[in-house]
Amino acid sequence: MSVTVATVTYTREDQRRDEVPYGSTVYNSIMGFLIREARLLDHRDIKAWGELLAEDLEYKAPVRITRRVQQFDQEFGTMGHFDDDYNSMMVRITRLITTTNAWSEDPASRVRRFISNVTVWETDVPDEYEVSSYLFLTRNRAEAKDYKQLSAERNDRLRMTKDGFKLARRSILLDQVVLGMPNFAIFL
Amino acid sequence: MRLNSRNEYANEAISQFIDIENREVSVAALNDADLYELELERIFAKAWLMIGHETEIPNVGDYVVRLMGEDQVIIARTADGQVHVSLNVCPHRAMHVCLSDSGNARVHKCIYHGWAFRPDGSFIGAPIEREQMHGNIKTKEQLGLKKARVQLYGGLVFATWNHDGPSLDEWLGDMKFYYDMLFCRTDKGLEVLGPPQRLTIDANWKTAGEQSACDGFHTLTLHGSVIDIGAMGGEADTEHESAPAMYGINLSGNGHSLRCIAADTSWALAHGKGDLTPEERLEAFPPPGITPELLPELKRNMSAEQLHVLAKAPPVVGGMFPNMNILFIYSPLRDGTLGSALVLHSIMPKGPHHFEWTTYYFAEKGTPENVKVMMRAAATHGTGTSGIIEQDDSDTWPHMTESAKGVIGRTETLKYQAILGENRPDDWPNKAKVYEGFGKDDAQWEWWLAYHKLMTAQA
């Protein structure tokens, strides 16, 4: 196996079962979850967002590679811009909310996360869903007149618990090979 | 001619950017279009540049496309196992020949008119052979892709357009003795842990370039948040004096640099106090990237003098002039053990106000597979795009570049006046310039002297 580019199935299509109908109760509650977490992040309530993460979390944003059409199955690398689990995400969150010198987001960017094109599938596990959504994100900082923009497809695993939905997995498939923003000091 | 005026400009003005006597660099150097064009010619077309690693192209025909300055090149492996670097510009009509970032091809065929090239860059021919569409003025031998000079070092692919300049060994000079401790220390060598991260930073390339030359001082403030949450080790009352990289040994030669951190400091941060001899400590606490099973290889591949350095104060961070940044650091792994993150960055200019920051993660090939996966996660967590350490660096460089846009701001200077001076300890090898103590500006100033030397060298 080449270590450079792996055929990595970040979409987990194999785990998708029946599609949950648009407008159904489950679909609406998942849509509500996605909007709520975007709102929490946009309003920098990072602590509350962290409470939506499951303890078996896998949070990844693989690097993208420009490939010939015949090699579309090798578009994503084994390396990522994020390669996190629950504990490492908690370290990130702790740094952002408990210190007074996390300079990459202080002064903070003004970020809006627009979520759309949501598709929900049932899985083999009751109360767990595979969810695909589009993310469009604008980020503005200091006196910049322009926005740093980002578009991506997110493939999530959501789990219904007694405390509501938890995010158990997120694979963020970015549309940029060369990122236009200088860091991911923000969550996607 | 613009080129002539640039040469005159260079001869007169480059020295004005750099005040050697007072160790100051004009902020204007971070925002000057003419200076930038000269940098492309005199630095990025002349220096040895690290552009990848041979483990990215393990098979015959494998290739990746990379940047050398603003020029795209193809790094490809030929049937004899050799690695070749060729300009990704068709000699016919300047079309890019390779349009994907990586792949495998025995023939690189330009999609415009079909001129075809081998992985070593040589010209095979144009379609409709009998019509000889390359004409009869130039021979096929003259119509290959422009070739760079290539040297592999520790598997890293170095290339330069300076075919008559110094060899890579000469270019690295005495610093090679120390770089060997990072890149050439095991039997099988390093491997990449995947294709690199790439991002654009709205800053002049020199802001990141000069920082890579052992700017340890910024750790205390810019990376204060990482110290505050305990991710760099130490206790609340000792964190600032024991913060990693504050006291150590800086090395510099030809503008290259490395920062060696006393092994007893790292040991104390990781394990508390302990009374071990340097040899015992090397055994119990190998340098970053060396797992216990690799220790015998390290001992076999390193000289006694190198082992002494590794036991006393292994090199952990630094740079290679002009545009490579090195972090071979200890880092907690997700299984709770203390492991490491092996990281290289290249800083490629994209105009006076932008550069592409490319990040490679490595492990020794002999590392257990599960440890490689954890090392990759640890590197991603600390460095590169989302790294809790380096995301603060990427925030700083654009501000410096912005400062250079003001007519008053650009009259300010970058100052390198905190001097430790050469003070090699008695038991340290007599190689390169050695500065022991609280890391100061010495090595960074040497970076600027190397810059000055190359920028004013007669072509």
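The questions and answers that follow set values against their definitions.

This is a predicted model, in which local features need pLDDT of at least 70, side-chain atom pairs count only at pLDDT 80 or more, and totals for chains, interfaces and linings use all residues. Residues are numbered from 1 along each chain as its sequence is written, while chains are lettered from A and ligands numbered from 1 in the order in which they are written.

Q: What confidence does the predictor give to chain B and to the complex?
A: The pLDDT, the predictor's confidence in each residue from 0 to 100, averages 93 in chain B, where 93% of the residues score at least 70. For the complex, the predictor gives an ipTM of 0.95 and a pTM of 0.95.

Q: Why is B:Cys98 called buried?
A: A residue is buried if 20 or more other C-beta atoms lie within 10 Å of its own, exposed if 12 or fewer, and partly exposed in between, with C-beta atoms placed from the backbone. B:Cys98 has 24 other C-beta atoms within 10 Å, and therefore counts as buried.

Q: Where does B:Cys98 lie, and which residues does B:Cys98 touch?
A: B:Cys98 belongs to the loop between β6 (83-87) and β7 (102-104) of chain B; strands (E, at least two residues) and helices (H or I, at least four) are DSSP runs, numbered from the N terminus. Leaving aside residues up to four places away in sequence, B:Cys98 touches B:Tyr63, B:Val65, B:Ile74, B:Asn88 and B:His108, a contact being two C-beta atoms, placed from the backbone, within 7 Å.

Q: What makes helix α4 of chain B largely enclosed by the rest of the structure?
A: Seven of the nine residues of α4(B), residues 175-183, are buried, so the helix is largely enclosed. Among them are B:Tyr178, B:Tyr179 and B:Phe183.

Q: How do you know that strands β1 and β2 of chain A pair?
A: Pairing requires that DSSP find at least two bridges between two strands. β1(A), residues 53-64, and β2(A) have six bridges in the antiparallel sense, and A:Ala61 has A:Phe82 in β2(A) as its bridge partner. Strand β2(A), residues 76-85, is mostly covered, with nine of its 10 residues buried.

Q: Why does the radius of gyration of chain A agree with a compact globule?
A: The radius is taken over C-alpha atoms, and the globule rule is 2.2 Å times the number of residues to the power 0.38. For 188 residues a compact globule would have a radius near 16 Å; chain A has 17 Å, and the value therefore agrees.
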